[in-house]
Amino acid sequence: MAQLFDPLPIRGVTLQNRIGVSPMCQYSSQDGFANDWHLVHLGGRAVGGASLVFTEATAVTAEGRITAEDLGIYKDAHVEFLHRIVRFLKSQGTVPGMQIAHAGRKASTQIPWEGSSKVSVADGGWVPVAPSAVAFSETYPVPRALLKEEIHTIVDAFAQAARRALEAGFEVLEIHAAHGYLAHEFFSPLSNFRNDEYGGSFENRTRIGREIVSAVRKVWPDNLPLFIRISATDWKEGGWDLDQAVQLAKQLKPLGVDLVDCSSAGLVVDQKIVAGPGFQVPFAERIRRDAEIPTATVGLIETKEQVVDILAKNQADLVLMAREFLRDPYWPLRTARELKQKISWPAQYLRAAPPDSPARKPTEASAAKEKSAR
């Protein structure tokens, strides 16, 4: 029975506890470049004691961005500032993770605090691509259906993004295949109307998932974990569902996926979600049990009681939180104090820590690298 502050070893990486920061789009980049906002945003959660901190969905191509302000990793020049962020995360004993993504038909839209409509080419937008030329909604742009050769190019873009993530020093990589973005659009019969080898049957619709995982694993080292985030259900009859999600997880495990990050929804506007605290936990529990693969769970998880219960019931191996980390970047430190669990604090903050708290140490890989550089 896992406890909240138990370590979680995956391949050659060990997370110091079972709490991670879920990818959260910040819409604060220019041409995909990370900047001081990302350093402070991600670094603050590492200071707060999260064992794993993910970047936001990071686009593998320029046209794969949700908005023109999305983070990207489609240029070698993107690596330099990302490496600075990684170096800080590792200094706090946090494992740095990157989620790589392609927005598909949900690309070329406004940043949320300005609106939720398409951005025209004349205003700096672009024509998005998708499995089929069907828009997400009336306010979103109509995408162009991908040619087979273009699908292969996007698969390679994921591999090149993995190469750059490795160069930047990330130690966990997550493929985004959820929330109505490109891979999910291929998976679901509600958005994939192709009649070639990428459409129709379950095997065909999920082909791109297997191809991306295989391509990424060729460049992502064997000692580093590979996650995939999926929507376990479309919350609409006739769409992608939990049974298919289990089957996909079974296929991806032998290809090198180590953990399935279980979310849901995002594909269609008329989805019928039954939401509530921990409403997505059963998805992680089912996939963990039936596909025999570690899982992470997300979705309206805010309290230590929820996390303790999830882990005690073996419903997931890792809990990723998003909005609660926006409200409280130091959630792990605060929770450890409340549970009277001893965890490390930044040396600069020890004066505020419980007695006998150990000083924070960098991740082993980071410490070894710094030592060899001296």
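Student: Arg229, buried or exposed?
Tutor: Arg229 counts as buried, because its relative accessibility is 5%. Buried means under 20% relative accessible area, exposed means over 50%, and partly exposed lies in between (1.4 Å probe, protein chains only). This is a predicted model, in which local features need pLDDT of at least 70 and side-chain atom pairs count only at pLDDT 80 or more, while totals for chains, interfaces and linings use all residues. Residues are numbered from 1 along each chain as its sequence is written, and side-chain values use heavy atoms, with hydrogens and water left out.

Student: Which side chain meets Arg229 in a salt bridge?
Tutor: The partner is Asp261, at an N to O distance of 2.8 Å. A salt bridge is a side-chain nitrogen of Lys or Arg within 4 Å of a carboxyl oxygen of Asp or Glu. The pair links distant parts of the chain, since Arg229 lies in strand E9 (residues 226–231) and Asp261 in strand E10, 32 residues apart. Helices (H or I, at least four residues) and strands (E, at least two) are DSSP runs, numbered from the N terminus. Asp261 is also buried, with a relative accessible area of 0%.

Student: How many salt bridges are there in total?
Tutor: The count by this rule is 26. One of them joins Arg217 and Asp258, with 3.0 Å between the closest N and O atoms. Arg217 belongs to helix H6 (residues 207–219) and Asp258 to the loop between H7 and strand E10 (259–263), so the bridge ties together parts that are 41 residues apart in sequence. Both Arg217 and Asp258 are buried.

Student: And Glu338, with which residue does it form a salt bridge?
Tutor: Glu338 pairs with Arg334, the closest N and O atoms being 3.1 Å apart. Both residues lie in helix H11, four residues apart, which is about one turn of the helix. Glu338 counts as partly exposed at 40% relative accessibility, and Arg334 counts as partly exposed at 32%. Salt bridges with shared partners join Lys304, Glu305, Asp328, Arg334 and Glu338 into one network.

Student: Turning to helix H9, which residues are buried there?
Tutor: In H9 (residues 304–312), the buried residues are Gln306, Val307, Ile310 and Leu311. Seen down the helix axis, they fall within an arc of 125°, so they line one face of H9. That arc is taken over the directions from the helix axis to the C-beta atoms.

Student: What covers them?
Tutor: The cover includes strands E3 (19–21), E11 (295–297) and E12 (318–321), together with helices H8 (281–290) and H11 (331–339). H9 is followed by Asn314, whose phi is positive, near 55°.

Student: Where is Leu242, and what does it touch?
Tutor: Leu242 is in helix H7 (residues 242–252). Not counting residues up to four places away in sequence, Leu242 touches Ala232, Thr233, Phe283, Arg286 and Ile287, where contact means heavy atoms within 4.5 Å. Leu242 counts as buried, at 18% relative accessibility.

Student: Finally, how many helices and strands does the protein have?
Tutor: The protein has twelve helices and twelve strands. Its radius of gyration is 20 Å, close to the 21 Å that the globule rule gives for 374 residues, so it is as compact as a globular protein of that length. The radius is taken over C-alpha atoms, and the rule is 2.2 Å times the number of residues to the power 0.38. Of the 374 residues, 58% count as buried.
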